[in-house]
Amino acid sequence: MRDLYIIGAGGFGREVAWLVERINSVQPTWNLKGFIDDNESLWGRYKDGYRIVAGSDYLLSLGEVYVVCAVGSARVRKIIIEKLKDSSVKFATVIDPSVILSKRVEIGEGTIICAGTVITVDIKIGKHVIVNLDCTIGHDVVIEDYVTAYPSVNISGNSFIGECSELGTGMQIIQGKKIGSNVIVGAGAVVVKDCLESGTYVGSPAKKIK
C-alpha cells in the first residue's frame with residue numbers, strides 16, 4: 001500500500017477520505033496518513049479519525065509520497081498543485097469503485113471521481129479535475145485541467161470544458177457546447193449556447209452576469 005495525504009480537511013476532504021476507504025475495501029491500495037491543510041489552527045486535530053498533520057510546506061520535506069487535492073475551488077487547487085509540482089510529491093488519481101466508465105476514457109493524474117458517476121466513451125479528462133457525486137459525462141467530451149464539476153452535473157456528448165472552470169450542482173450542458181476557461185456556471189443552469197468568456201453564467205438558458 002502506498003502512503004497518501006489528502007490536501008484539504010473540509011467537507012469534501014472528508015468525503016474523499018471515505019472514497020479512499022471504499023477503494024481499500026475492494027482492493028487495499030492506499031495507506032491514508034491524514035490531511036494537509038494550510039489553516040494552522042487545525043493542525044493536530046482529527047477529522048473522521050484522520051489527523052490534520054500540517055500545511056502544504058510539510059509535503060516538500062517528505063520523500064516520495066502521494067497526495068490528492070480535495071479543494072473545491074479550481075483556482076485555489078491550481079495554486080496548491082503548482083507549488084508542489086517540482087517536488088518529489090506524486091499525485092494520486094482516485095476513482096470510487098461504483099463509477100461506471102468504459103476503457104476508452106483518458107483520465108489525468110490527481111483527478112477525483114466520486115460515487116454514482118457515469119462516464120461513457122472516448123472522453124478525455126485532464127489533471128486535478130474533480131467530478132463530484134452522481135455526474136454523467138457523455139461521449140467525446142473533453143474536460144481540461146483543474147475543472148470542478150459539483151454533484152449531479154450532466155455533460156452531454158461532444159462538449160468541451162476549459163481549464164479552471166466550475167460547474168454548479170445540478171447544471172446541464174446540451175450536446176456539443178463549449179465552456180471556456182475560468183468560467184463559473186451556477187447551480188441548476190442549463191447551457192444551450194457556448195459560454196466562452198470568463199465569468200459567471202446562471203439561469204436556463206445560462207446567461208452571463210454583467
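## A salt bridge between K208 and E197

K208 comes out at 34% relative accessibility, so it counts as partly exposed. Keep in mind that this is a predicted model. The side chain of K208 meets that of E197 in a salt bridge, with 3.1 Å from N to O. K208 belongs to strand β25 (residues 207–208), while E197 sits in the loop between β23 (190–191) and β24 (199–202), so the pair ties together parts that are eleven residues apart in sequence. What about the partner's surroundings? E197 is exposed, with a relative accessible area of 53%.

How many salt bridges does the structure hold? The count is seven. Another one of them joins D122 and R104, whose closest N and O atoms are 3.1 Å apart. Here both partners are in loops: D122 is in the one between β11 (118–119) and β12 (123–125), and R104 is in the one between β8 (100–101) and β9 (105–107), so this pair ties together parts that are 18 residues apart in sequence. D122 has 38% relative accessibility, so it counts as partly exposed. R104 has 48%, and it also counts as partly exposed.

Next, take a look at K85 and E82. Their side chains meet in a salt bridge too, at 3.0 Å from N to O. K85 is partly exposed, with a relative accessible area of 44%. E82 is partly exposed as well, at 36%.

## Rings that pair up

Now for the aromatic side chains. Searching the whole structure turns up three aromatic pairs. One of them is Y5 with Y58, which is edge-to-face: the centres are 6.2 Å apart and the planes make an angle of 80°. Y5 lies in strand β1 (residues 2–7) and Y58 in helix α2 (residues 57–60), so the pair ties together parts that are 53 residues apart in sequence.

F35 and Y50 make another edge-to-face pair, with 6.3 Å from centre to centre and 90° between the planes. This pair links two strands: F35 is in β2 (residues 30–36) and Y50 is in β4 (residues 50–54), so parts 15 residues apart in sequence are tied together. Both F35 and Y50 are buried.

## An arginine over two rings

Which rings does R2 lie over? One is W30: R2 lies over its face, at 4.4 Å from the ring centre. The other is Y66, where R2 again lies over the face, this time at 5.2 Å from the ring centre.

## A sheet of six strands

Let's move on to the strands. Six of them form an open sheet, and going across it you meet β8, β11, β14, β17, β20 and β23 in that order, with parallel pairing. The edge strands are β8 and β23, and each of these pairs on one side only.

Strand β20 (residues 172–173) pairs with β23 in the parallel sense, over two bridges. Within that pairing, Q172 stands opposite V190 in β23.

Where is H128? It is in the loop between β12 and β13 (130–131). Leaving aside residues up to four places away in sequence, H128 touches R77, I81, F91, E109, G110, T111, Y146 and V147.

## Stepping back to the whole chain

Finally, zoom out. The protein chain has three helices and 25 strands. Its radius of gyration is 17 Å, close to the 17 Å that the globule rule gives for 210 residues, so the chain is as compact as a globular protein of that length. Along its principal axes, the C-alpha trace spans about 45 × 40 × 30 Å.

How much of the chain is buried? Of its 210 residues, 46% count as buried. As for contacts, take those between residues at least 6 apart in sequence: 29% of them join residues at least 24 apart.

Terms used. Residues are numbered from 1 along each chain as its sequence is written. This is a predicted model: local features need pLDDT of at least 70, side-chain atom pairs count only at pLDDT 80 or more; totals for chains, interfaces and linings use all residues. Side-chain values use heavy atoms; hydrogens and water are left out. Rings of Phe, Tyr and Trp (its six-membered ring) pair if their centres lie within 6.5 Å; planes under 30 degrees apart count as stacked, over 60 as edge-to-face and the rest as tilted. Helices (H or I, at least four residues) and strands (E, at least two) are DSSP runs, numbered from the N terminus. Buried means under 20% relative accessible area, exposed over 50%, partly exposed in between (1.4 Å probe, protein chains only). A charge sits over a ring if NZ of Lys or CZ of Arg is within 6 Å of the ring centre and within 35 degrees of the ring normal. A salt bridge is a side-chain nitrogen of Lys or Arg within 4 Å of a carboxyl oxygen of Asp or Glu. Two strands pair if DSSP finds at least two bridges between them. The radius of gyration is taken over C-alpha atoms; the globule rule is 2.2 Å times the number of residues to the power 0.38. Contact means heavy atoms within 4.5 Å.
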